[in-house]
Amino acid sequence: MESYDVAVIGLGAAGAAALRASAKTGARTIGIDQFRPPHGFGSSHGETRLLRTAYSEGEFYVPLIRRAIALWRDLESSTGRRLFEQTGVTYAGPTDDAFMTGARKAARRWTLDLPRSGDLSPWFDLPGRWHTLVDTEGGYLYAERAIRAFLADAKARGADVLAASRVERIDGSGRLMRIRTARRVINAKRIVITTGAWSQELAPLLKPLTYVERRVLHWFDDPARRFGRASGFRPFAISPGEGQLFYGFPTNRSGEVKVAEHKSVAIVEGPEAVDRIVRRKDIAAIRPLVRAYMPGLGRHLRSEVCMYPMAHHERFILDHDPRDTRIVIGAGLSGHGFKFAPAIGEVLANLALARRQKVDIAPFALTGRLRRR
Ligand SMILES: Cc1cc2nc3c(=O)[nH]c(=O)nc-3n(C[C@H](O)[C@H](O)[C@H](O)COP(=O)(O)OP(=O)(O)OC[C@H]3O[C@@H](n4cnc5c(N)ncnc54)[C@H](O)[C@@H]3O)c2cc1C
């Protein structure tokens, strides 16, 4: 029977990063996934992810994103792959809007560069009274390329990867824990559970704390490449108010602009209950935002359904399982976790291997939240 220091179950953004971080310490490490990552069935697929640093969701995310940026660069230099485009991110919204206020507050607290943006009229039609800013340290990431890079670098550092193997059970008894798939039993001293929307299956203690949401992404045509990076267009996050967040990216190689709304479409029972069919009302929901703020975009080309593994208040869970501290949980990345992936991976590996943390992880503790409920 094989035996490892650390076994990471689930190789999306969090798990692939944890695998690399653990392998980097020299620990004997294995990563296991039910599919062949990167794959399109979880929450880490697709071309791009936004990276914001002036974090309105909580100032405590800023040290985590700074650590993540350093580690994205580290992964780039280990693998020779470009993963992060530090283009800056445009923010726009009413001056007193919570997103804009939160961004300014985070920038002040952590001395982030958040100047007023230049003229946005070539791309956007925004109310004149709105505030427009540039998160200069932000940009965007290449998502699936990043997952490949984490896995390749982990393997180069000696990690094993077991794909197409669903973990059915973990037996906690004895000195080593036993991880059971349909065909194999793997022994490990420590286990990291990063199973995204499936988290409750192997970590039932998450039941009161996590849930799954259905979301929809859209692509619009940009025949004249007006929204391409060459024209000076940056990824953006527009907060029109009332908790809405409309975001998007520069034109991709196929001449398409990806836009989406960071807003729940539906809470579902679990990953298998996500309605994967794009409905007419999904497209109808994005059209008014495009028409109002980006009237220069071309026709709607396509849409795609995805799912977010959520935690209450969209706050990540990065902690030991209080009932068995040999198990570490990384869950509830809540639709904004990708940008932090290498820092999250490092936090999880450090928890598993009892190493010192580089950032304060108290805001992501599980125990306090379990008590509060
Ligand atoms: C469409 C979309 C857009 C997003 N945009 C942004 C953005 O712009 N910026 C940003 O920072 N974040 C963004 N996010 C959020 C971010 O991508 C997610 O928070 C993150 O990718 C979640 O990663 P994860 O590892 O927790 O989950 P997942 O990627 O779902 O990984 C979980 C893995 O566990 C595996 N697994 C589950 N159960 C088992 C089992 N029993 N045995 C073995 N393997 C198992 C699954 O196969 C899967 O590979 C977006 C998410 C989506 C879906």
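Reader: How far is an oxygen atom of the ligand from a polar backbone atom of Leu 50?

Author: The distance is 2.8 Å. Keep in mind that this is a predicted model.

Reader: How much of the ligand's area does the protein bury?

Author: The protein buries 98%. The ligand taken alone exposes 1000 Å².

Reader: Which elements give two or more residues to the shell around the ligand?

Author: They are α1 (13–24), β3 (48–51) and β17 (300–311). β17 gives the most, with three residues.

Reader: And how many residues surround the ligand?

Author: There are 35. The closest are Asp 33, His 39, Ser 44, Leu 50 and Lys 339.

Reader: What is the shell like by class?

Author: It has 17 nonpolar, 14 polar and four charged residues.

Reader: Back to the backbone. What are the distances from ligand oxygen atoms to Ala 14 and Ser 43?

Author: A polar backbone atom of Ala 14 is 3.1 Å from a ligand oxygen. For Ser 43, a backbone N or O atom lies 3.0 Å from an oxygen of the ligand.

Reader: Switching to domains. What does the assignment give?

Author: Domain 1 covers 2–47 + 144–209 + 314–372, and domain 2 covers 86–139 + 210–308. Their centres, taken over C-alpha atoms, are separated by 29 Å.

Reader: How many residues does each domain put into the contact?

Author: Domain 1 puts in 16 residues and domain 2 puts in 12 residues.

Reader: How much area do domain 1 and domain 2 bury between them?

Author: About 1200 Å², with 47% of it on carbon and sulfur atoms. On the domain 1 side, Glu 47, Ala 197 and Gly 335 supply 36% of the area buried against domain 2. That is more than any other three residues.

Reader: So where does the ligand lie relative to domain 1 and domain 2?

Author: Between them, because both domains give residues to the shell around the ligand.

Reader: New topic, backbone geometry. Which peptide bond is cis?

Author: The bond from Pro 37 to Pro 38 is cis, with omega near 0°. Pro 38 is in the loop between β2 (29–32) and β3.

Reader: What about Ala 164, is its phi positive or negative?

Author: Positive, about 50°, although Ala 164 is not a glycine. This residue sits in the loop between β8 (160–162) and β9 (167–171).

Reader: Why flag those two?

Author: Because most residues other than glycine have a negative phi, and most peptide bonds are trans.

Notes:
Residues numbered from 1 in each chain as written. Predicted model: local features only at pLDDT ≥ 70, side-chain atom pairs only at ≥ 80, totals over all residues. Heavy atoms only, no water. Near = heavy atom within 4 Å. Polar contact = N/O pair within 3.5 Å; in protein donor to acceptor, adjacent residues only side chain to side chain. Areas by Shrake-Rupley, 256 points an atom, 1.4 Å probe, with all protein chains shown as cover. Helix = DSSP H or I, 4+ residues; strand = E, 2+ residues; numbered from the N terminus. Nonpolar A, V, L, I, M, F, W, Y, C, P; charged D, E, K, R; others polar. Domains from an automatic or database assignment. Contact = heavy atoms within 4.5 Å. Buried area = accessible area lost by both parts, 1.4 Å probe.
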